[in-house]
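Visitor: I should like to learn how to read the features of a model such as this one. Could we take them one at a time?

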Amino acid sequence: MNKQNILALALKPAMRVTESVGIGIVLMLTAAVIAMITPSAVSASSPCPGPTATRLVTGLDTGLESAKGSTVGPDGALYVTEGAVGRISRVDPLTGEVTTFASGLPTAIISIGGAIIGGAIDVAFIDNIAYALVTLVSPDVGGSHVDGIYRVDGPDSFTVVADIGAFNLANPPPTPFVVPTGLQYALQTYRGGFLVTDGHLNRVLRVTLDGEVTVLIAFDNIVPTGLEVRGNRVYMAEAGPVPHLPQDGKVVSFESGSPTATEVASGARLLVDVEFGPANGLYALSQGIFPVGGDPGSPALPNTGALVKVNGGGTFTVITEPLDRPTSLEFIGNRAYVVTLTGEIWKIGGVSCPP
């Protein structure tokens, strides 16, 4: 039966109706038929609820100790370094369950501003094999281990594949420094090897799996931190020099062989990471306000950090705040995962919605 027959049967009167009532029935029935054929705008696109943050891992009994770097492993789980105890933990992104993936890495021996710094500071995977970046454990700072990249061979066994500390000793930068072996911060896979930022010696190193270390790009005192790679372009977060003013917190980009970097955005305090997220949006992690008179390397004040998004005009929009001294950022699907210095992990949904 076609639509005309449906309307004809519906309008056949069982009792006498006025002309105006009949017209009204026609309009209502026509609207009903159109509604059955065409989905409403409301049902086609549900409203965006905005960013929502949930604590996935608590910093109390089950928290991570001196958590710093993170990555998404080949199994889709989070892997987080814990410098204080020389451990890499696996975190289920749905339940927050924490299990030990590997232990026995050199532990941190330095504390600055009340926070432990160094030891296993970041982690990355190549061909399903995990590699850990270890820093500030060498003899020049009172340690007895190698500053560099360690391959994870088993739950408690490792092989040093690159001695970054030795390279830095033999190749000092032109900028002033106190620790000759440097302070390596971020580990990022790149063309079958790695990129490593050095927040103290102000440069990015390229490291092969054969242990060859070269300077990819050098900077003035801008304190490079987190890394992200998209195609041939590298994106890097800058914390800026002490006291880490907002205008010095930047995201920049460059390609291999570039003598300088191009500014992408600026205006967020003490940036420590940068990642691409949903819909190819670029996000950065601000650790927050640096304490007045704090020693270089000290963390930001508690509960002053934020997740921010890069705008087209070179500025940032705050997505979620406050965050308590965040250190690392990852995306799994449409959700952001933020690791904090206090051993917490926060899951943030709706990051692509307006705050």
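Guide: Let us begin with burial: a residue is called buried when its relative accessible area is under 20%.

Visitor: Is Thr-71 buried or exposed?

Guide: Thr-71 has a relative accessibility of 15%, so it counts as buried. The residue belongs to strand E2, which spans residues 67–72. Beyond its neighbours within four places in sequence, Thr-71 is in contact with Ala-77, Leu-78, Tyr-79, Val-123, Ala-124, Phe-125 and Glu-330.

Visitor: Before going further, how should confidence be read here? What is the average pLDDT of the protein chain?

Guide: The general idea is that where pLDDT is low, the predicted coordinates should not be read in detail. In this model the chain averages a pLDDT of 88, and 85% of the residues score at least 70. Residues 1–45 have a pLDDT below 50, and this stretch makes nine contacts in the model beyond near neighbours in sequence.

Visitor: Let us turn to the nonpolar cores. How many residues does the largest nonpolar core have, and which of them have the most contacts inside it?

Guide: A core of this kind is made of buried residues joined through side-chain atoms. The largest one here has 21 residues, and Ile-149, Leu-187, Phe-194, Val-196 and Val-207 have the most contacts inside it. At least two residues of this core come from each of strands E8 (119–126), E9 (129–135), E11 (157–163), E13 (193–198) and E14 (203–207), and from helix H4 (164–170). The most is given by E8, with three residues. Another core, of 17 residues, lies apart from this one and includes Val-223, Leu-307, Ile-319 and Phe-331.

Visitor: Which residues are in contact with Leu-187, leaving aside its neighbours within four places in sequence?

Guide: Leu-187 is in contact with Asp-122, Val-123, Ala-124, Tyr-131, Ala-132, Leu-133, Ile-149, Phe-194, Leu-195 and Val-196.

Visitor: May we compare that with a residue elsewhere, Ala-336? Where is Ala-336 found?

Guide: Ala-336 is found in strand E25, and it counts as buried because its relative accessibility is 0%. Not counting residues up to four places away in sequence, Ala-336 touches Leu-307, Leu-329, Glu-330, Phe-331, Trp-346, Lys-347, Ile-348 and Val-351. Ala-336 and Val-351 are 15 residues apart in sequence, and their C-alpha atoms are 7.2 Å apart in space.

Visitor: Next, the charged side chains. How many salt bridges does the structure hold?

Guide: The structure holds eight salt bridges. In one of them, Glu-344 pairs with Arg-55, and the closest N and O atoms are 3.0 Å apart. This pair links distant parts of the chain: Glu-344 is in the loop between strands E25 (335–340) and E26 (345–349), Arg-55 is in strand E1 (residues 52–57), and 289 residues separate them. Glu-344 counts as buried at 13% relative accessibility, whereas Arg-55 counts as partly exposed at 45%.

Visitor: What joins Glu-65 and Arg-87?

Guide: Their side chains meet in a salt bridge of 3.8 Å, N to O. Glu-65 lies in the loop between E1 and E2 and Arg-87 in strand E4 (residues 87–91), so the pair ties together parts that are 22 residues apart in sequence. A further bridge, of 3.5 Å from N to O, joins the side chains of Lys-250 and Glu-263. Lys-250 is in strand E18 (residues 250–255) and Glu-263 in strand E19 (residues 262–266), 13 residues apart. A network also exists: Glu-65, Glu-82 and Arg-87 are joined by salt bridges that share partners.

Visitor: Finally, the rings. How many aromatic pairs does the structure hold?

Guide: The structure holds seven aromatic pairs. The ring centres of Tyr-79 and Phe-125 are 5.0 Å apart and the planes stand at 70 degrees, so this pair is edge-to-face. Tyr-79 lies in strand E3 (residues 78–82) and Phe-125 in strand E8, so parts 46 residues apart in sequence are tied together. Both Tyr-79 and Phe-125 are buried. Tyr-235 and Phe-276 also form an edge-to-face pair, with 5.1 Å between centres and 90 degrees between planes. Tyr-79, Phe-101 and Phe-125 form one aromatic cluster.

Visitor: Which charged end sits over the ring of Phe-276?

Guide: The charged end of Arg-230 sits over that ring, 3.9 Å from its centre.

Technical notes: Residues numbered from 1 in each chain as written. Predicted model: local features only at pLDDT ≥ 70, side-chain atom pairs only at ≥ 80, totals over all residues. Heavy atoms only, no water. Core = buried A, V, L, I, M, F, W, Y, C linked by side-chain atoms within 4.5 Å. Buried < 20%, exposed > 50% of the residue type's maximum accessible area, 1.4 Å probe, protein only. Helix = DSSP H or I, 4+ residues; strand = E, 2+ residues; numbered from the N terminus. Contact = heavy atoms within 4.5 Å. Salt bridge = Lys/Arg side-chain N within 4 Å of Asp/Glu carboxyl O. pLDDT = per-residue confidence, 0-100. Phe/Tyr/Trp six-rings, centres within 6.5 Å; stacked < 30°, edge-to-face > 60°. Lys NZ or Arg CZ within 6 Å of the ring centre and 35° of its normal.
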